[in-house]
Amino acid sequence: MAVKIFIKRKIPKGFEDPGFNNLVRQLRALAIVQPGYISGETLKRIDVPQDYLVVSTWQNMGAWNAWRTSRERAEIQERIDALLGAPTEYEMYEYL
């Protein structure tokens with residue numbers, strides 16, 4: 001059964017680092033070709049513009065977990081968290 005993954009990031013006020021956008025684009029490019037990936041979108045909250053949300057859809061939790069725990073993803077994710085100074089948060093949902 002397909003699952004939705006919500007990836008939340010807090011961007012510090014005044015943060016401007018082109019490296020961040022490049023890392024996020026790298027993650028997206030790599031995710032798109034992973035087995036079980038269906039779709040994804042990146043959103044910025046209107047009333048709190050420091051809050052970013054990525055919503056991705058995967059065929060099942062196994063496909064998401066394979067990508068989530070992959071070395072290539074982990075390396076990029078660690079760099080993102082280091083740049084932002086805070087860990088990325090994850091929420092996983094399934095359809096009823």
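**The core and its surroundings**

Reply: In the protein, 69% of the contacts between residues at least 6 apart in sequence join residues at least 24 apart, where contact means heavy atoms within 4.5 Å. This is a predicted model, in which local features need pLDDT of at least 70 and side-chain atom pairs count only at pLDDT 80 or more, while totals for chains, interfaces and linings use all residues. Residues are numbered from 1 along each chain as its sequence is written, and side-chain values use heavy atoms, with hydrogens and water left out.

The protein has three helices and four strands, in the order β-α-β-β-α-α-β along the sequence. Its radius of gyration is 13 Å, close to the 12 Å of the globule rule for 96 residues, so the protein is as compact as a globular protein of that length. That radius is taken over C-alpha atoms, and the rule is 2.2 Å times the number of residues to the power 0.38. Helices (H or I, at least four residues) and strands (E, at least two) are DSSP runs, numbered from the N terminus.

Of the 96 residues, 31% count as buried; buried means under 20% relative accessible area, exposed over 50%, and partly exposed in between (1.4 Å probe, protein chains only).

The largest nonpolar core has 18 residues, and those with the most contacts inside it are Ile5, Phe20, Trp58, Trp64, Trp67 and Ile80. Such a core is a set of buried Ala, Val, Leu, Ile, Met, Phe, Trp, Tyr and Cys residues joined through side-chain atoms within 4.5 Å. Two or more residues come from each of strand 1 (3-10), helix 1 (18-32), strand 3 (51-58), helix 2 (61-68) and helix 3 (71-84). Helix 1 gives the most, with five residues.

Leaving aside neighbours within four places in sequence, Ile5 is in contact with Val54, Val55, Ser56, Trp58, Met61, Trp64, Glu91 and Met92. Met92 lies in strand 4 and is partly exposed, with a relative accessible area of 43%. Not counting residues up to four places away in sequence, Met92 touches Lys4, Ile5, Met61 and Trp64. Met92 and Asn22 are 70 residues apart in sequence and 25 Å apart in space, C-alpha to C-alpha.

Pro87 lies in the loop between helix 3 and strand 4 (89-94). At 64% relative accessibility, Pro87 counts as exposed. From Pro87 to Trp64 the separation is 23 residues in sequence and 19 Å in space, C-alpha to C-alpha.
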